[in-house]
Amino acid sequence: MSLVPPSLTLGNRFATELPELSVPWQAQKAPEPRLLLLNEPLSAELGLDPAWLRSPDGNRLLVGELLPPDATPVAQGYAGHQFGGFVPRLGDGRALLLGEVRNTDGQLLDLHLKGSGRTPFARGGDGLAAVGPMLREYVISEAMHALGIPTTRALAVVATGATVRRESLLPGAVLARVASSHLRVGSFQYARASGDLALLRRLADLAISRHHPAAAGADRPALALFEAVVAAQADLVAQWMLVGFVHGVMNTDNMTISGETIDYGPCAFLDAFDPATVFSSIDETGRYAYGNQPVVAQWNLARLAEALLPLLDDDEEQAIPIAVEALNGFSERYDTAWSTGMRAKLGLPAAADDVVAPLVEELLGLLHAGHVDHTSAFRSLSSAARGDTEPARSLFLDLAAIDSWLARWREVGPDADAMDRVNPVYVPRNHLVEQALTAGTEGDLAPVERLLEVLARPFDQRPGLEAYAEPAPEHFGAYRTFCGT
Ligand code: AMP
Ligand code: MG
């Protein structure tokens, strides 16, 4: 008989407190589970023995087949605006919330599977995921975590032994991921659309209790919740912008209430700095382009405000101005987070705004005009601050302009060591991610493991890893990513 370790308990708070928002469901049986990647530090944080997770029974847990007897796995229901159009019923078409676990710090986290088979929310989908995209979510989410950006975490990728039909036949996989929760803007839209205000209130209560507990004591807890989500998302998107991350599919179902980055589909990091950068093959109008992300985040938060309106005031006429005022707080919060981050990137944490703002604007203009690699450019500045301007100069076309900029910036006295702690050397370079995923799909996991090792310490420049710091070679061309895979 197979047993899960007694240390593993899976809570069912979401399933029992909000039964209207989910359907109890089981994972599809994986014909031949085989562990591809395991996040040992994260396993330990969850109190799970990595050696057990590597065992056949452990693998069966990671594909949802072997669960504690009282577990209540569910597919969550949610709605969402996809590329601006409202879809009232999306939900976990190929995912399951196995339950809630406590980490060693006592924090309650969701243990969730993606690629675990069709659910009642699957619509036309097959409920499956291919190895490549699941490795991709693992790599990018762990890179984001190492960069200090709030994100869901990847616990494991297990190949299922099943074949997935996409443009070609591909090996299938399940990703086990961990998040503060999977509550989304779309969860609130779904509860609101049900017309059941008591349900909406219970959802808000759960969100407050799990993510923004200070809101519970406010005069209007739902307003305090909304303000907390606005602040968390403003801070999050500022961090994306500072590091050059393009999420790619910022639908309201892919925006969390916790402020964690979620659902890594067609995401990628900038090479050349350009606000118009789009990687996703389905984003034809550039709605989710790099430079649009703050505006889109605020648009999504307006949809959250609409869903919350009945909780803000019994009288809708009163509720609307309250919501609008809170939503307007986004811009200031975002601007502060972004400019504080930019100061840190330029090594000028204490300089006056009227000194830093023009320097930032001019630098971004030079990066854009010269198609300069975003990550390399910021990292090269610490050498310049130490007196060696060559690494920076070699990246720019307009030498007179960059020389003049460097001279004015150095006069303000940038702190090179502090810059090296915030400007990464290593980000998931698109061409390296693609190479590693192709090898992984063919059964060779060494490149993905190596990439993960490099990305786990993004600020720590190490000899021998030069290739991981380089932008894509010219022949790599314009990068396109595909979602829904
Ligand atoms: P995503 O783009 O991964 O955030 O997914 C958007 C919606 O499509 C969610 O409701 C997913 O559950 C659903 N979905 C994506 N791919 C599949 C699939 N292969 N089978 C079933 N549902 C899917
Ligand atoms: Mg999604």
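Visitor: How big is the largest cavity, by volume?
Guide: Keep in mind that this is a predicted model. The structure holds 3 cavities of 30 Å³ or more. For the largest cavity, the volume comes to about 60 Å³.

Visitor: Which residues line the largest cavity?
Guide: The lining includes Gln233, Leu236, Trp240 and Met250.

Visitor: Which protein residues are donors of the magnesium ion, ligand 2?
Guide: A donor has to sit within 2.8 Å of this metal. The protein donors here lie 1.9 to 2.2 Å from the magnesium ion. They are an OD1 atom and an OD atom, from Asn254 and Asp263.

Visitor: Is Asn254 buried or exposed?
Guide: The cut-off to remember is that buried means under 20% relative accessible area. Asn254 has 12%, so Asn254 counts as buried. Asp263 has a value of 12%, so that residue is also buried.

Visitor: What about ligand 1: which residues come nearest?
Guide: There are 16 residues around ligand 1. Asn254, the magnesium donor, is one of those that come nearest to ligand 1.

Visitor: How much of ligand 1 does the protein bury?
Guide: Let's look at some contacts to begin with. Oxygen atoms of ligand 1 lie 2.6 Å from a polar backbone atom of Gly91 and 2.7 Å from one of Gly93. An oxygen atom of ligand 1 is also 3.2 Å from an N or O atom in the Arg123 side chain. Taken alone, ligand 1 exposes 480 Å², and the share of that buried by the protein is 86%.

Visitor: And the second largest pocket: what is its volume?
Guide: This pocket is lined by 24 residues, with Asp271, Ala272, His371, Ala472 and Gly477 nearest its centre. By class, the lining has 13 nonpolar, 6 polar and 5 charged residues. The volume of the second largest pocket is about 590 Å³.

How values were computed. Residues numbered from 1 in each chain as written. Chains lettered and ligands numbered in written order. Predicted model: local features only at pLDDT ≥ 70, side-chain atom pairs only at ≥ 80, totals over all residues. Heavy atoms only, no water. Donors = N, O, S within 2.8 Å, 3.2 Å for Na, K, Ca; no water. Buried < 20%, exposed > 50% of the residue type's maximum accessible area, 1.4 Å probe, protein only. Near = heavy atom within 4 Å. Polar contact = N/O pair within 3.5 Å; in protein donor to acceptor, adjacent residues only side chain to side chain. Areas by Shrake-Rupley, 256 points an atom, 1.4 Å probe, with all protein chains shown as cover. 1 Å grid on protein atoms, 1.4 Å probe; cavity = no way out; pocket = protein on both sides within 12 Å on 5 of 7 lines; lining within 4 Å. Points joined across faces, edges and corners; volume = space filled by probe spheres on them. Nonpolar A, V, L, I, M, F, W, Y, C, P; charged D, E, K, R; others polar.
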